[in-house]
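Work through the exercises below with the model open. Try each task before reading its solution.

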Amino acid sequence: MNKRLEEALAGKPGNYILPFFWQHGEDAEMLIHYLHAIHDCGIGAVCVESRPHPDFAGDGWWRDLDVIMQEAKALDMKVWVLDDAHFPTGYCNGQVKSHPEYGKIYLDHYVIDAKGPLEEASFLLQVKEDEEVIGVVAARRSTTEVGKLKDAVDLSDAIRGSFVYWSVPEGNWNIIVIKQTPHGPGREAYCNLIDKDAVRFLIDTVYEPHYQKYAAEFGETFAGFFSDEPELGNTFGDSEIGQSVMELPWCRELSDRLTACWPKDRAIFLAALWSRISGYTQKSRYDYMEQLTRLFQKNYSEQIGEWCAAHHVEYIGHVIEDNGKHTRTGYGAGHFFRALWGQHMSGIDVVLQQIRPGLSDRDFYHISGKETYDGIFFHFALAKLGASLALYDEKKKGRTMCELYGAYGWSEGLKLMKWIADHMLVRGINWFVPHAFTPAPFPDPDCPPHFYAHGQNPQYPWFGDLMRYMNRMSHLLNGGTHHANVAVLYSAELEWIGRCETVKYVCKVLAEHQIDYDILPAELVDTPAAEGYRALIIPDCEAIDPHLAARLKTAAASMQIIFAGTLPTVLTDQWEASANLSLGQCCCDQDPERLLAALDALEVREIRIVGKVPDLRYFHYVQEDTDFYLFFDEIADVTARMQVALQIKDVSPTDHCFWYHGWENCLEEVTTDAQGRILLNCAPYETTVLCIEHAGQAAPVSPRIQTSADAPVKVEINGPWKITLRDYRGKEVAADRITLLCNITGAHAYPEFSGTMCYETTFEWDGALGECADLDCGMVYETLEVSVNGVKQAVRIAPPYCCRLHGLTDGTNTLRLLVANTLVHALKDPLSATMPIEPSGLFGPVVIR
């Protein structure tokens with residue numbers, strides 16, 4: 001049997017979870033209590049969240065971190081530290097205020113309209129003492145549309161003091177003044193993350209003090225640092241390159257690099273960052289974003305990563321990816337892959353209700369109830385971005401981390417948490433940072449839910465079941481590699497130079513038709529990282545830059561190039577349009593059926609499924625001697641159980657095939673249909689793993705738990721039920737309003753009740769049927785613990801609420817079902833106002849098969 005599978009079955013997986021552990025200056029007793037509460041959940045690490053602490057890197061911080069380090073070491077836990085005093089990373093523990101030389105610098109401009117002819121005109125330069133004029137450009141307005149220009153002239157040599165002198169020719173002209181300035185809309189007192197010295201200052205103010213304090217534990221108990229959403233930070237608005245009102249990130253090294261790119265007409269190229277100047281704009285914006293993101297990679301991400309590696313710890317974290325910001329400035333870092341290249345894990349985050357069942361195919365409202373999320377990006381592209389980066393960068397060792405669960409509100413319970421975890425696992429996410437444990441006084445209003453909440457979260461007793469499940473599943477998805485036959489081109493460079501539909505639409509088509517894929521950055525298209533792909537799909541776009549065109553010509557020798565849309569303009573080395581692209585390419589005109597037909601002609605499918613099941617996701621992970629195929633039914637309709645036939649490619653008669661059910665931590669035999677195809681039985685919210693072992697003896701397996709789809713009803717349990725309610729504070733609540741299985745928090749019952757609901761009854765059992773049977777509890781909201789005759793049998797936190805019973809006796813047996821809801825009914829937090837609140841309790845029907 002595969003070693004990792006064997007370790008998971010034995011309850012000995014590794015640890016792949018490091019939840020945020022918020023710090024506010026609590027006393028040692030409270031910190032130790034919380035560490036034990038975390039450890040008791042089967043978690044082997046914490047990420048100490050510094051943001052709320054009043055004395056980061058001061059005496060109070062070291063006092064508290066000493067306690068955490070000492071107790072974590074005793075518990076054999078690892079400690080990570082979030083790398084700044086405030087969100088986002090780059091605050092340098094507040095020291096930039098006294099060192100403004102490390103603060104942000106912006107490239108800015110303003111425009112003067114001039115009507116010619118006007119001989120010997122002059123134009124006043126509005127420049128503050130701490131600003132510097134970079135250049136002045138004149139360009140003729142080619143239409144009445146603002147920002148569309150031609151006939152550009154560099155006037156920089158005509159600057160004399162506070163004026164620029166120029167005789168305006170006939171026509172309408174724009175005079176564009178370009179300047180460097182420390183004044184901009186970004187966060188005050190934050191360092192310039194594209195400047196090498198500024199990032200070194202961040203290291204000196206945050207990283208070095210921790211090393212000086214805990215050098216002996218670096219690489220031992222002290223595992224590393226976590227960066228939270230570092231940003232270019234030049235705007236809080238629309239940050240797509242070319243916005244006429246947007247200041248741009250700037251530094252001396254970026255200026256030097258662009259001078260090397262543009263030995264002639266430098267000022268005109270700079271002006272083209274905001275205006276559409278014929279012959280300049282595409283190259284200008286490509287070169288600027290190319291050099292900007294390379295500097296973020298080199299001076300920020302790689303500098304910190306190299307420092308951490310030299311000090312025997314790891315560097316992890318994530319940037320903001322929301323709604324396209326991963327290819328832009330502002331909140332983003334310009335290029336997802338480059339921004340995280342220096343880290344030792346890939347990373348993403350899913351918070352604030354960004355992923356929800358049933359909303360994958362549309363935009364939907366977020367926690368404000370006014371602005372919207374890009375549902376297709378979040379559900380089909382985000383996790384794949386993270387997992388793909390981990391595949392391509394060796395130092396990441398195939399690891400992708402996701403910060404998850406934060407700021408969904410108290411309406412998020414373990415049911416949704418498991419769905420989100422499965423959503424991530426089936427896309428290749430294999431490390432997790434749950435958000436969060438907070439020892440602040442209950443209830444802490446900061447970004448709930450909180451998993452422990454001083455023991456007052458009624459679902460905490462079963463949170464450990466979820467964590468142990470995630471560790472088991474992650475154990476299978478580490479140490480090997482993902483296998484896919486299709487790559488989708490990362491669209492950053494395509495977006496910088498023109499209209500482009502991002503990767504999300506192609507990803508959605510592939511996922512809904514069970515074609516697994518990776519997202520490939522342009523710089524890797526013609527490298528060994530792309531070997532093994534049969535097809536590279538390029539999203540519908542306006543133009544292809546000359547660098548990508550050259551790479552595609554090389555790559556076309558080993559894989560099919562497929563354009564999801566029409567054939568784009570190809571730009572030559574001189575950045576002129578060309579129609580010559582002889583790659584044997586295929587164009588699909590944005591027709592999903594043509595795209596699928598092109599892929600089928602290449603035989604890229606690893607699995608074939610009878611019928612259409614658009615909500616079924618799969619992920620192929622290869623260990624040394626075993627192939628794991630994860631399947632997850634993401635459908636929101638919990639009643640829509642599926643059974644589909646799978647045809648798995650490249651399975652030999654000598655292979656051993658069986659199912660691994662991660663929640664139950666058991667193996668199940670494979671069944672086939674008359675054509676020999678493997679039958680997949682999958683319920684909504686359920687993940688299962690098809691294991692194909694290529695060596696060794698067949699693993700011991702068990703029969704599947706029976707449901708209404710495959711077994712007759714033996715016993716229907718109709719009560720009478722003894723119902724006991726206990727609220728989250730431990731106080732028993734009289735259940736005199738409850739006589740039947742119903743919604744405990746309904747309008748006419750206990751609408752503000754949060755806690756546990758205990759249902760007890762007896763049933764008769766014929767001993768001749770044996771001492772085992774399968775229980776199906778129907779609809780439950782939402783965690784369920786099952787006991788029979790006083791013996792705990794199973795825990796279920798999400799559908800299907802089915803389990804195997806043992807120890808049944810002839811005659812009367814006692815059944816106890818303990819159900820817990822969330823704290824939303826009692827606390828009514830504002831974050832929960834934008835999600836439906838499910839009912840509470842056991843609805844049934846309850847049957848034994």
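**Exercise 1.** Over which ring does the charged end of Arg399 sit?

*Solution.* The model is predicted, so local features need pLDDT of at least 70 and side-chain atom pairs pLDDT 80 or more, while totals for chains, interfaces and linings use all residues. Residues are numbered from 1 along each chain as its sequence is written, and side-chain values use heavy atoms, without hydrogens and water. Apply the test: NZ of Lys or CZ of Arg within 6 Å of the ring centre and within 35 degrees of the ring normal. The ring is that of Trp431, with the charged end 6.0 Å from its centre. Arg51 sits likewise over Trp22, at 5.3 Å from the ring centre.

**Exercise 2.** Classify the ring pair of Phe437 and Phe463.

*Solution.* Rings of Phe, Tyr and Trp (its six-membered ring) pair if their centres lie within 6.5 Å; planes under 30 degrees apart are stacked, over 60 edge-to-face, the rest tilted. The structure holds 45 such pairs. For Phe437 and Phe463, the centres are 5.9 Å apart and the planes 75° apart, hence edge-to-face. Phe463 lies in helix H12, 26 residues from Phe437. Now check burial (under 20% relative accessible area; exposed is over 50%, partly exposed in between; 1.4 Å probe, protein chains only). Phe437 is buried at 0%. Phe463 is buried at 2%.

**Exercise 3.** Classify the ring pair of Tyr469 and Trp663.

*Solution.* Tyr469 is in helix H12; Trp663 is in a loop, 194 residues apart. Both Tyr469 and Trp663 are buried.

Definitions and conventions
Helix = DSSP H or I, 4+ residues; strand = E, 2+ residues; numbered from the N terminus.
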